[in-house]
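Hi everyone, thanks for making time for this. Let me put the structure up, and then I'll walk you through a few spots in it.

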Amino acid sequence: MVIQLSGQVDEQASERLTPKEIVRELDKYIVGQHAAKRAVAIALRNRWRRQQLPPDLREEIAPKNIIMIGPTGVGKTEIARRLARLTRSPFLKIEASKFTEVGYVGRDVESIVRDLTELGVKLVKEEKQRSVRGMAERNARERILDILLPDSRRQPARPAFVAPAAPEQESNFETREKLGRWLDEGKLDEREIEIDVKDQSFPSFEIFTAQGVEEMGVNIKDMMPGLFGGKSKRKKVRLGDARELIIAEEAEKLVDQQNVAREAIERVEQSGIVFLDELDKIAGRQQSSGGPDVSREGVQRDLLPIVEGTTVNTKYGMVKTDHILFIAAGAFHVSKPSDLIPELQGRFPIRVELESLTEEDFVRILREPQNALTMQYTELLGTEGLTLRFSDDATREVAHFAALVNEKTENIGARRLHTILERVLDELSFEASDMHGQEVTIDAAYVQRVLTDVVKDEDLSRYVL
């Protein structure tokens with residue numbers, strides 16, 4: 001995707017991102033789950049379609065929120081995360097079980113919007129700072145030269161009738177130019193200089209209010225900036241490290257913070273994505289004890305206004321949630337989506353069921369995605385100068401053991417591949433630093449030798465794998 005400097009997603013790029021294109025992009029990282037990919041692709045395309053409508057009608061069209069139903073480790077979170085990356089949208093993953101009903105100590109549901117807005121501001125600020133990087137580097141260069149040679153300045157242009165500069169002035173100017181060349185060539189990176197560094201530490205305490213912990217903390221920091229990170233201290237730093245610190249400071253000066261906040265709010269409102277995990281944990285039926293159940297129906301009723309559309313006060317301004325896309329997920333082993341309160345059910349009209357992963361899926365996960373696990377481990381050990389290869393029968397054997405352990409113990413989906421591969425490569429990972437220049441091929445016999453005894457002992461496999 002192409003991002004304009006204004007912070008808006010480029011219209012032509014959005015137009016090219018058809019549902020088929022979106023599914024193709026997701027296929028590069030996620031194996032299977034075509035129904036879920038189709039659902040999110042349509043939801044994303046509908047956002048672009050809504051933007052093409054007249055303003056009056058545009059405001060009437062609400063996003064079609066999605067519930068993904070499926071066991072852990074089948075790709076629910078990854079689908080939502082990759083979707084957000086495609087459009088550079090503010091993305092927040094949060095567990096529904098973290099929230100409690102209003103009136104009880106716990107996270108306030110409005111913190112979802114505040115956290116998403118913070119991410120949006122960070123996203124837009126990074127884009128703006130990249131756009132002014134060149135100017136920030138030039139300003140930082142001059143600041144460093146001022147520190148290295150305080151009395152020097154760039155030589156001003158002089159009228160012809162003014163007497164030439166004094167020899168010492170010419171010397172200062174030439175010295176500055178020489179230092180500038182050394183600085184550009186990296187010859188001064190190991191030299192230490194003194195710079196003012198902002199003190200990021202501040203007292204740690206919390207105040208609980210009806211608005212929630214987060215909002216009160218924001219207000220106090222705004223009222224007393226000198227107490228919360230506003231001071232700076234003199235510090236000796238390597239020039240190579242100081243350069244990045246000063247560039248960051250200069251880039252922040254060049255960016256209009258009010259403009260960043262305004263664009264971030266707009267992006268959150270129009271393209272924000274919230275992934276609400278563990279929805280099944282708050283979907284259970286009312287307890288028979290008669291006491292309040294602060295983790296279920298009360299939380300659903302608190303979430304309802306956020307999903308339905310409301311306005312939340314943040315430190316950057318008011319944020320409307322009417323067009324934020326909510327993608328909820330849960331295993332729904334015990335409860336089912338129909339156990340949610342009817343009002344919340346109605347706000348998640350699209351429901352897709354994700355399939356459990358098979359042994360063949362595990363083989364594909366190990367080989368096909370751009371970030372395939374075997375490639376990750378090959379690159380990791382390659383940093384030690386060790387060349388690692390996986391034979392075809394080795395990946396099939398790893399997939400077989402992963403499916404077997406999932407069947408015998410708890411089914412944790414593709415996450416089992418991580419534990420299996422860590423076990424298979426445990427010895428190599430430990431010895432790799434002493435194996436520079438060597439080549440190692442992992443085959444089926446190697447995998448069997450490492451894993452057979454562990455898998456046979458069910459009690460041991462529950463702890464180890």
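So, a question to begin with: how many of the 12 residues of helix α5 are buried? Before I answer, please keep in mind that this is a predicted model.

The count is 9 of the 12, so α5, which runs over residues 76-87, is largely enclosed by the rest of the structure. If you'd like to click along, the buried residues are Lys76, Thr77, Ile79, Ala80, Arg82, Leu83, Ala84, Leu86 and Thr87. And what covers them? The cover includes the helices α2 (19-27) and α3 (34-51), along with the strands β1 (66-69), β2 (91-95), β5 (273-277) and β8 (325-330).

Let's stay with one of those residues, Arg82, which is on the buried list. The charged end of Arg82 sits over the ring of Tyr29, 3.8 Å from the ring centre. There is another arrangement of this kind elsewhere: the charged end of Arg449 sits over the ring of Tyr446, at 4.9 Å from its centre. As for aromatic pairs, the structure holds 0 of them.

With a relative accessible area of 26%, Arg88 counts as partly exposed.

Glu278 also deserves a look. Its phi is near 60°, again a positive value in a residue other than glycine. You'll find Glu278 in the loop between β5 and α12 (297-308), and Glu278 is partly exposed too, with a relative accessible area of 24%.

Last stop: the second largest pocket, with a volume of about 850 Å³. Which element gives the largest share of its lining? That would be our friend α5, with 5 residues. At least two lining residues each come from α5, β5, α15 (373-382) and α17 (415-424). In total, 37 residues line this pocket, and Gly73, Val74, Gly75, Ala414 and Arg415 lie nearest its centre.

Conventions:
Residues numbered from 1 in each chain as written. Predicted model: local features only at pLDDT ≥ 70, side-chain atom pairs only at ≥ 80, totals over all residues. Heavy atoms only, no water. Buried < 20%, exposed > 50% of the residue type's maximum accessible area, 1.4 Å probe, protein only. Helix = DSSP H or I, 4+ residues; strand = E, 2+ residues; numbered from the N terminus. Contact = heavy atoms within 4.5 Å. Phe/Tyr/Trp six-rings, centres within 6.5 Å; stacked < 30°, edge-to-face > 60°. Lys NZ or Arg CZ within 6 Å of the ring centre and 35° of its normal. 1 Å grid on protein atoms, 1.4 Å probe; cavity = no way out; pocket = protein on both sides within 12 Å on 5 of 7 lines; lining within 4 Å. Points joined across faces, edges and corners; volume = space filled by probe spheres on them.
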